[in-house]
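Keep the sequence and the 3D view open as you go.

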Amino acid sequence: MALSKVFLANDFEVFAGRFMNDWPELDELKEQYGDDLHILSLDVNNQASVDQAAAYIEEKRGQLDVLVNNAAIYKDRSEDIFGEFNYEDMMKLFETNSLGPLRVSKSVVPLLMKGNSKMLANISSEAASLEDSWRVKEYGYSMSKSALNMGLTILQNQLADHGIKVLAFHPGYVKTYIFGEFNENATIDAIESATGIVNQILKAPTIEEHMFIDYQGDKMNW
């Protein structure tokens with residue numbers, strides 16, 4: 001919701017995918033911004049849902065300037081090599097965190113190619129970094145985010161000739177519901193992180209610039 005709010009404040013028309021229909025935040029934003037906000041039902045793990053969302057955007061506008069993939073889940077906070085691994089949960093992490101963004105990206109690449117900005121942005125994590133890895137647990141989440149980053153590097157390799165810039169953002173330690181309940185221990189407000197991310201997108205970095213950065217534009221190590 002925070003990213004939608006910041007883009008709307010910057011005079012964008014926003015197509016916001018929503019997975020949980022019982023969360024009212026986007027509806028409240030719709031009351032404020034009206035036709036500038038389109039709320040789409042979206043399950044990034046369901047091809048039909050993804051295709052329907054892409055078809056709606058194509059019908060309404062026929063092009064897309066910016067895509068932000070920000071759907072993610074987090075399930076294995078306490079698992080480690082000396083405990084029990086829930087491999088089924090780990091597979092769900094890969095499905096949503098790694099394949100979900102790829103599925104959505106594929107569905108709208110033709111629209112991005114027709115757009116002006118041609119920015120394909122993704123919410124990654126410092127947990128994806130191999131060089132700066134410090135965790136002794138959280139296998140599934142970290143591995144799924146590293147897989148996301150690999151997918152994004154391949155996307156950039158393939159899409160460079162089409163003028164599309166791919167970005168992977170570490171959003172910071174954000175106060176969100178990713179753990180299933182609101183994380184009061186986090187250090188960054190969602191609007192602060194979203195504002196930083198949108199500002200970096202609006203700077204329109206070139207295809208040659210480092211693609212893995214944080215919400216303030218600082219380079220992240222692969």
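This is a predicted model: local features need pLDDT of at least 70, side-chain atom pairs count only at pLDDT 80 or more; totals for chains, interfaces and linings use all residues.

Q: How is a pair of aromatic rings described?
A: Two values describe such a pair: the distance of the centres and the angle of the planes.

Q: How many aromatic pairs does a search of the whole structure find?
A: The search finds six aromatic pairs. Take Phe 85 and Tyr 139, whose ring centres are 5.1 Å apart. Their planes stand at 65°, and an angle over 60 counts as edge-to-face, so this pair is edge-to-face.

Q: Which parts of the chain does that pair link?
A: Distant ones, 54 residues apart. Phe 85 sits in the loop between strand E3 (66–69) and helix H4 (87–114). Tyr 139 belongs to helix H5 (residues 139–159). Tyr 139 has 29% relative accessibility, so it counts as partly exposed. Phe 85 and Tyr 139 also form one aromatic cluster with Tyr 87.

Q: What are the distance and angle for Phe 212 and Trp 222?
A: Their centres are 5.2 Å apart, with 35° between the planes. This aromatic pair is tilted. Phe 212 is in strand E6 (residues 212–214), and Trp 222 is in the segment after E6, ten residues apart.

Q: Which residues make a nonpolar surface patch?
A: Phe 19, Met 20 and Trp 23 make one of about 320 Å². Look for Met 20 in the loop between strand E1 (14–18) and helix H2 (25–33). Met 20 counts as partly exposed, because its relative accessibility is 38%.

Q: Where does Lys 118 lie?
A: Lys 118 is in the loop between H4 and strand E4 (119–123). Lys 118 is buried, yet has no salt bridge. Asp 65 is the nearest side chain of opposite charge, 7.1 Å away.

Q: What does the side chain of Lys 118 reach?
A: It reaches the backbone oxygen of Gly 115, at 2.6 Å.

Q: How far apart are Asn 21 and Met 143 in sequence and in space?
A: In sequence, they are 122 residues apart. In space, they are 29 Å apart, C-alpha to C-alpha. Asn 21 is in the loop between E1 and H2. Its relative accessibility is 53%, so Asn 21 counts as exposed.

Notes:
Residues are numbered from 1 along each chain as its sequence is written. Side-chain values use heavy atoms; hydrogens and water are left out. Rings of Phe, Tyr and Trp (its six-membered ring) pair if their centres lie within 6.5 Å; planes under 30 degrees apart count as stacked, over 60 as edge-to-face and the rest as tilted. Helices (H or I, at least four residues) and strands (E, at least two) are DSSP runs, numbered from the N terminus. Buried means under 20% relative accessible area, exposed over 50%, partly exposed in between (1.4 Å probe, protein chains only). Patches are made of residues with over 30% relative accessible area and no salt bridge: like charges are joined within 9 Å, nonpolar side chains (Val, Leu, Ile, Met, Phe, Trp, Tyr) within 5 Å. Accessible areas come from the Shrake-Rupley method with a 1.4 Å probe; for residues, only the protein chains shown count as cover. A salt bridge is a side-chain nitrogen of Lys or Arg within 4 Å of a carboxyl oxygen of Asp or Glu. Lys and Arg count as positive and Asp and Glu as negative; His and the chain ends are not counted. A polar contact is a pair of N or O atoms within 3.5 Å; within protein, one must be able to donate a hydrogen and the other to accept it, and residues adjacent in sequence count only if both atoms are side-chain atoms.
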